Amino acid sequence: YDSLFFGNHTLGRSILGSEKSLASFGSKDLRAFRNRILHPEHLVFASAGPVQPDVLKNLLENYFGEHTVVRQSLGRRRFKPEGAKSRTVQKDIHQVHYVLGFPAYDYPSQKRPALTLINNILGGPGLNNRLSLNIREKYGFAYHIDSTYAPFTDTGIFSIYLGTDKKYLPKSQQLIWKELNAFRDKPISDKALREAKQQLCGQIAISQDSGSATMFNLGKSLLLFDRIDTIEEVYSRIQRISAKELQEVSNEIFDARLMTELVYEPQS
(Lines give C-alpha, C1' and ligand atoms only; values in the text may rest on other atoms or scores of the structure.)
Protein backbone atom coordinates (compact mmCIF):
# COMPACT_ATOMS: atom_id res chain seq x y z
CA TYR A 1 0.00 0.00 0.00
CA ASP A 2 3.03 2.32 -0.28
CA SER A 3 1.72 3.94 -3.43
CA LEU A 4 -1.65 4.81 -1.93
CA PHE A 5 -0.07 6.47 1.08
CA PHE A 6 2.62 8.32 -0.85
CA GLY A 7 0.69 9.25 -3.97
CA ASN A 8 2.69 7.38 -6.60
CA HIS A 9 -0.54 6.68 -8.50
CA THR A 10 0.54 3.10 -9.21
CA LEU A 11 -1.10 0.56 -6.92
CA GLY A 12 1.32 -1.88 -5.35
CA ARG A 13 4.55 -0.19 -6.42
CA SER A 14 7.20 -1.52 -4.06
CA ILE A 15 9.71 0.87 -2.52
CA LEU A 16 12.28 -1.88 -3.20
CA GLY A 17 11.86 -1.33 -6.94
CA SER A 18 10.76 -3.53 -9.81
CA GLU A 19 12.69 -6.22 -11.67
CA LYS A 20 13.21 -3.73 -14.49
CA SER A 21 14.45 -0.92 -12.25
CA LEU A 22 16.82 -3.22 -10.34
CA ALA A 23 18.33 -4.48 -13.58
CA SER A 24 18.89 -0.95 -14.85
CA PHE A 25 21.77 0.04 -12.56
CA GLY A 26 25.25 -1.33 -12.02
CA SER A 27 28.30 -0.95 -9.79
CA LYS A 28 28.93 2.60 -10.98
CA ASP A 29 25.46 3.64 -9.81
CA LEU A 30 25.99 1.98 -6.41
CA ARG A 31 29.31 3.78 -5.93
CA ALA A 32 27.70 7.10 -6.89
CA PHE A 33 24.92 6.53 -4.37
CA ARG A 34 27.44 5.63 -1.66
CA ASN A 35 29.49 8.74 -2.32
CA ARG A 36 26.40 10.96 -2.30
CA ILE A 37 24.72 9.51 0.79
CA LEU A 38 26.99 7.32 2.92
CA HIS A 39 29.58 9.67 4.33
CA PRO A 40 30.27 10.91 7.87
CA GLU A 41 27.91 13.89 7.70
CA HIS A 42 25.00 11.49 7.17
CA LEU A 43 26.10 8.60 9.41
CA VAL A 44 25.75 7.69 13.07
CA PHE A 45 27.42 4.66 14.62
CA ALA A 46 25.94 3.23 17.81
CA SER A 47 27.24 0.42 19.96
CA ALA A 48 25.89 -1.53 22.94
CA GLY A 49 27.71 -4.26 24.78
CA PRO A 50 31.28 -5.09 25.87
CA VAL A 51 32.97 -2.81 23.34
CA GLN A 52 35.68 -0.44 24.52
CA PRO A 53 34.92 3.14 23.35
CA ASP A 54 38.56 3.80 22.46
CA VAL A 55 38.73 0.70 20.27
CA LEU A 56 35.55 1.67 18.42
CA LYS A 57 36.71 5.28 18.06
CA ASN A 58 40.04 4.19 16.54
CA LEU A 59 38.30 1.90 14.07
CA LEU A 60 35.92 4.62 12.92
CA GLU A 61 38.68 7.20 12.56
CA ASN A 62 40.76 4.71 10.60
CA TYR A 63 38.05 3.96 8.04
CA PHE A 64 36.11 7.23 7.98
CA GLY A 65 38.36 9.93 9.39
CA GLU A 66 39.77 11.08 6.05
CA HIS A 67 36.67 10.46 3.97
CA THR A 68 35.65 13.61 2.14
CA VAL A 69 32.94 14.22 -0.42
CA VAL A 70 31.12 17.13 -1.98
CA ARG A 71 27.74 17.28 -0.25
CA GLN A 72 24.70 17.15 -2.47
CA SER A 73 21.03 17.74 -1.85
CA LEU A 74 18.98 14.58 -1.32
CA GLY A 75 16.27 16.10 -3.50
CA ARG A 76 13.27 14.96 -1.47
CA ARG A 77 9.89 16.29 -2.44
CA ARG A 78 7.69 17.09 0.54
CA PHE A 79 4.63 14.90 0.77
CA LYS A 80 1.26 16.55 0.21
CA PRO A 81 -2.03 14.78 1.05
CA GLU A 82 -4.22 14.25 -1.99
CA GLY A 83 -7.60 13.75 -0.35
CA ALA A 84 -9.55 10.60 0.40
CA LYS A 85 -8.80 7.52 -1.70
CA SER A 86 -10.19 4.00 -1.67
CA ARG A 87 -9.18 0.97 -3.71
CA THR A 88 -10.30 -2.68 -3.74
CA VAL A 89 -8.17 -5.36 -5.40
CA GLN A 90 -9.16 -8.98 -5.88
CA LYS A 91 -6.42 -11.54 -5.29
CA ASP A 92 -6.06 -15.30 -4.91
CA ILE A 93 -6.37 -15.22 -1.12
CA HIS A 94 -8.72 -16.67 1.49
CA GLN A 95 -9.46 -13.65 3.65
CA VAL A 96 -9.68 -9.88 3.41
CA HIS A 97 -6.66 -7.72 4.20
CA TYR A 98 -7.79 -4.18 4.97
CA VAL A 99 -5.62 -1.10 5.60
CA LEU A 100 -6.89 2.31 6.64
CA GLY A 101 -4.32 5.10 6.64
CA PHE A 102 -3.96 8.82 7.36
CA PRO A 103 -1.14 11.35 6.91
CA ALA A 104 0.46 11.98 10.31
CA TYR A 105 3.11 14.03 12.11
CA ASP A 106 6.79 14.01 11.26
CA TYR A 107 9.62 13.43 13.75
CA PRO A 108 10.15 17.11 14.67
CA SER A 109 6.46 17.63 15.52
CA GLN A 110 5.68 18.50 19.12
CA LYS A 111 2.48 16.45 18.73
CA ARG A 112 4.31 13.21 17.99
CA PRO A 113 4.25 11.95 21.64
CA ALA A 114 0.48 12.44 21.85
CA LEU A 115 -0.14 10.45 18.67
CA THR A 116 2.24 7.76 19.92
CA LEU A 117 0.13 7.44 23.06
CA ILE A 118 -3.10 7.34 21.03
CA ASN A 119 -1.66 4.58 18.87
CA ASN A 120 -0.72 2.58 21.96
CA ILE A 121 -4.23 2.89 23.38
CA LEU A 122 -5.97 2.19 20.09
CA GLY A 123 -4.02 -0.69 18.58
CA GLY A 124 -0.65 -1.03 20.30
CA PRO A 125 1.09 -4.20 21.50
CA GLY A 126 -0.86 -4.47 24.74
CA LEU A 127 -3.61 -7.11 24.83
CA ASN A 128 -5.96 -4.44 26.19
CA ASN A 129 -5.81 -2.18 23.12
CA ARG A 130 -9.25 -0.95 22.07
CA LEU A 131 -9.31 -2.35 18.55
CA SER A 132 -8.50 -5.88 19.72
CA LEU A 133 -10.93 -5.77 22.63
CA ASN A 134 -13.87 -4.29 20.75
CA ILE A 135 -13.50 -5.95 17.34
CA ARG A 136 -11.48 -9.15 17.74
CA GLU A 137 -12.37 -10.26 21.26
CA LYS A 138 -15.93 -8.95 21.62
CA TYR A 139 -17.27 -9.90 18.18
CA GLY A 140 -14.69 -12.30 16.76
CA PHE A 141 -14.61 -10.38 13.49
CA ALA A 142 -10.83 -10.11 13.08
CA TYR A 143 -8.06 -12.66 12.84
CA HIS A 144 -5.65 -9.84 13.57
CA ILE A 145 -6.02 -6.10 14.04
CA ASP A 146 -3.58 -3.42 15.11
CA SER A 147 -2.54 0.17 14.47
CA THR A 148 0.83 1.70 13.62
CA TYR A 149 2.26 5.21 13.76
CA ALA A 150 5.39 5.66 11.64
CA PRO A 151 6.94 9.15 11.69
CA PHE A 152 9.54 10.24 9.13
CA THR A 153 11.69 13.34 8.74
CA ASP A 154 9.05 15.35 6.87
CA THR A 155 5.77 13.44 7.19
CA GLY A 156 4.25 10.40 8.87
CA ILE A 157 1.70 7.61 8.52
CA PHE A 158 -0.96 6.41 10.93
CA SER A 159 -2.48 3.13 9.77
CA ILE A 160 -4.80 0.37 10.93
CA TYR A 161 -4.55 -3.17 9.60
CA LEU A 162 -7.33 -5.74 9.77
CA GLY A 163 -7.49 -9.36 8.63
CA THR A 164 -11.04 -10.72 8.44
CA ASP A 165 -13.61 -12.67 6.45
CA LYS A 166 -15.21 -10.70 3.63
CA LYS A 167 -18.65 -10.85 5.23
CA TYR A 168 -17.34 -9.14 8.39
CA LEU A 169 -15.54 -6.27 6.68
CA PRO A 170 -18.39 -3.68 6.58
CA LYS A 171 -19.20 -4.15 10.27
CA SER A 172 -15.50 -4.10 11.16
CA GLN A 173 -15.07 -0.79 9.33
CA GLN A 174 -17.99 0.68 11.27
CA LEU A 175 -16.46 -0.45 14.55
CA ILE A 176 -13.05 0.97 13.64
CA TRP A 177 -14.59 4.38 12.98
CA LYS A 178 -16.56 4.10 16.21
CA GLU A 179 -13.24 3.82 18.08
CA LEU A 180 -11.66 6.67 16.11
CA ASN A 181 -14.64 8.94 16.68
CA ALA A 182 -14.57 8.15 20.38
CA PHE A 183 -11.18 9.86 20.54
CA ARG A 184 -12.50 12.76 18.46
CA ASP A 185 -15.79 13.36 20.26
CA LYS A 186 -14.75 13.62 23.91
CA PRO A 187 -11.59 13.66 26.03
CA ILE A 188 -10.34 10.42 27.49
CA SER A 189 -11.08 9.98 31.21
CA ASP A 190 -8.43 10.82 33.79
CA LYS A 191 -8.24 7.19 34.90
CA ALA A 192 -7.83 5.85 31.37
CA LEU A 193 -5.21 8.48 30.56
CA ARG A 194 -3.22 7.69 33.69
CA GLU A 195 -3.30 3.94 32.96
CA ALA A 196 -2.33 4.51 29.31
CA LYS A 197 0.69 6.57 30.33
CA GLN A 198 1.78 3.93 32.84
CA GLN A 199 1.49 1.20 30.22
CA LEU A 200 3.52 3.11 27.63
CA CYS A 201 6.24 3.95 30.15
CA GLY A 202 6.32 0.29 31.18
CA GLN A 203 6.76 -0.84 27.59
CA ILE A 204 9.63 1.62 27.14
CA ALA A 205 11.28 0.34 30.34
CA ILE A 206 11.03 -3.27 29.15
CA SER A 207 12.53 -2.33 25.78
CA GLN A 208 15.66 -1.13 27.57
CA ASP A 209 16.44 -4.78 28.39
CA SER A 210 17.34 -5.34 24.74
CA GLY A 211 20.87 -4.26 23.87
CA SER A 212 20.14 -4.11 20.16
CA ALA A 213 16.98 -2.04 20.70
CA THR A 214 18.86 0.36 22.97
CA MET A 215 21.65 0.70 20.41
CA PHE A 216 19.18 1.35 17.61
CA ASN A 217 17.22 3.93 19.61
CA LEU A 218 20.33 5.83 20.69
CA GLY A 219 21.67 6.00 17.15
CA LYS A 220 18.32 7.00 15.70
CA SER A 221 17.87 9.77 18.27
CA LEU A 222 21.30 11.20 17.58
CA LEU A 223 20.80 11.00 13.82
CA LEU A 224 17.38 12.65 13.84
CA PHE A 225 17.64 15.14 16.70
CA ASP A 226 21.37 15.49 17.35
CA ARG A 227 20.76 14.62 20.99
CA ILE A 228 20.01 11.66 23.24
CA ASP A 229 17.22 12.06 25.80
CA THR A 230 17.46 10.28 29.12
CA ILE A 231 14.75 7.79 30.01
CA GLU A 232 13.55 10.24 32.66
CA GLU A 233 13.10 12.95 30.01
CA VAL A 234 11.08 10.55 27.87
CA TYR A 235 8.84 9.66 30.82
CA SER A 236 8.37 13.34 31.65
CA ARG A 237 7.30 14.11 28.09
CA ILE A 238 4.69 11.34 28.25
CA GLN A 239 3.36 12.52 31.60
CA ARG A 240 2.80 16.04 30.24
CA ILE A 241 0.32 14.80 27.62
CA SER A 242 -3.20 15.97 28.43
CA ALA A 243 -6.62 14.57 27.55
CA LYS A 244 -7.37 17.77 25.64
CA GLU A 245 -4.23 17.33 23.53
CA LEU A 246 -5.21 13.75 22.68
CA GLN A 247 -8.63 14.93 21.51
CA GLU A 248 -7.14 17.75 19.41
CA VAL A 249 -4.64 15.39 17.78
CA SER A 250 -7.38 12.83 17.07
CA ASN A 251 -9.46 15.45 15.26
CA GLU A 252 -6.47 16.48 13.16
CA ILE A 253 -5.38 12.97 12.19
CA PHE A 254 -8.60 10.91 11.99
CA ASP A 255 -10.08 13.02 9.22
CA ALA A 256 -12.17 11.05 6.70
CA ARG A 257 -11.32 13.65 4.03
CA LEU A 258 -7.66 12.56 4.17
CA MET A 259 -8.06 8.81 4.64
CA THR A 260 -6.73 6.11 2.35
CA GLU A 261 -8.33 2.67 2.19
CA LEU A 262 -6.90 -0.42 0.55
CA VAL A 263 -8.76 -3.73 0.49
CA TYR A 264 -7.32 -6.99 -0.76
CA GLU A 265 -10.23 -9.41 -1.06
CA PRO A 266 -10.65 -13.00 -2.31
CA GLN A 267 -11.53 -13.37 -5.96
CA SER A 268 -15.21 -14.01 -6.56
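I looked up α7 and α11 first: they are oblique to each other, the class left over once angles under 35 degrees count as roughly parallel, over 145 as roughly antiparallel and 65 to 115 as roughly perpendicular. The axes of α7 (residues 169-185) and α11 (residues 243-253) cross at roughly 130° and come within 7 Å. Axes here are lines fitted to C-alpha atoms, for helices over the stretch in contact, with angles from 0 to 180 degrees between N-to-C directions. Helices (H or I, at least four residues) and strands (E, at least two) are DSSP runs, numbered from the N terminus.

Which residues make the contact (heavy atoms within 4.5 Å)? I find Phe 183, Arg 184 and Asp 185 on α7, and Gln 247, Ser 250 and Asn 251 on α11.

Note on provenance: this is a predicted model, where local features need pLDDT of at least 70, side-chain atom pairs count only at pLDDT 80 or more, and totals for chains, interfaces and linings use all residues. Residues are numbered from 1 along each chain as its sequence is written, and side-chain values use heavy atoms, leaving out hydrogens and water.

Next I checked Ser 250. Ser 250 is buried, at 0% relative accessible area (buried means under 20%, exposed over 50%, partly exposed in between; 1.4 Å probe, protein chains only). Leaving aside residues up to four places away in sequence, Ser 250 touches Ile 118, Phe 183 and Arg 184.

Then the sheet. I read an open sheet of five strands, ordered β1-β5-β2-β4-β3, with mixed pairing (two strands pair if DSSP finds at least two bridges between them). β1 (85-91) and β3 (142-151) are at the edges with a single partner strand each, so one side of each lacks a neighbour in the sheet.

Methods
Contact = heavy atoms within 4.5 Å.
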